[in-house]
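Please examine the sequence and structure shown here before reading on.

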Amino acid sequence: MSFPSALLIAGMGDTERIRVVTMGGARVGKSAILRRWLGGPFPDKYKPTVEELYNKEYDFGTTTLRVDFLDTAGDSQFPAMRRLSISSAHAFLLVYAADDARSFDALKACLEEIREQRADFTSIPIVIAGNKIDLLPVAVHEDEVDEWLTHLPRLK
């Protein structure tokens, strides 16, 4: 099941426009994931993101879901923008790089920010994505992520 269809099934289909906020550490591939997901080419050069907004419509028969994908900066340089991003999100895509243990710590910090700012965080769809699993050596193993997830409150 794709992420947009999961949002529709989660009861968000009657919302005219929804916002998915992508968060994670710097250089984990958030922008690359979004660009590829939205049908664009894989970027050949790294360019730090301040904030980018992409839009796409998904047609589910009688329902059209309009989605804004907000690609946030990978560092904490812009705390006011991060707070606004978190407060306006209907769903989150949190990304870490499997070849960088620090990026997993950054992902944990992102989730903590969401928990602090959104009392309803357990009812918001949150997808955690491990990127760069093809790069060696792997620094963040799947069992480490699974272990961390078992200590969290049940997420949607």
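A salt bridge is a side-chain nitrogen of Lys or Arg within 4 Å of a carboxyl oxygen of Asp or Glu. The structure holds 6 salt bridges. It is a predicted model, in which local features need pLDDT of at least 70 and side-chain atom pairs count only at pLDDT 80 or more, while totals for chains, interfaces and linings use all residues. Residues are numbered from 1 along each chain as its sequence is written, and side-chain values use heavy atoms, without hydrogens and water.

| Pair | N to O distance |
|---|---|
| Arg82 and Glu113 | 2.6 Å |
| Arg102 and Asp100 | 3.5 Å |
| Glu112 and Arg115 | 4.0 Å |

The pair formed by Arg82 and Glu113 links distant parts of the chain, since Arg82 lies in helix 3 (residues 79-88) and Glu113 in helix 4 (residues 101-117), 31 residues apart. Helices here are DSSP runs of H or I with at least four residues, and strands are runs of E with at least two, numbered from the N terminus. By contrast, Glu112 and Arg115 both lie in helix 4, 3 residues apart, about one turn of the helix.

Accessibility is described by relative accessible area: buried is under 20%, exposed over 50%, and partly exposed in between (1.4 Å probe, protein chains only). Arg82 counts as buried because its relative accessibility is 8%, whereas Arg102, at 66%, counts as exposed. Asp100 is partly exposed at 21%.

In helix 2 (30-37), Lys30, Ser31, Ala32 and Leu34 are buried. Just after helix 2, Gly39 takes a positive phi of about 95 degrees.
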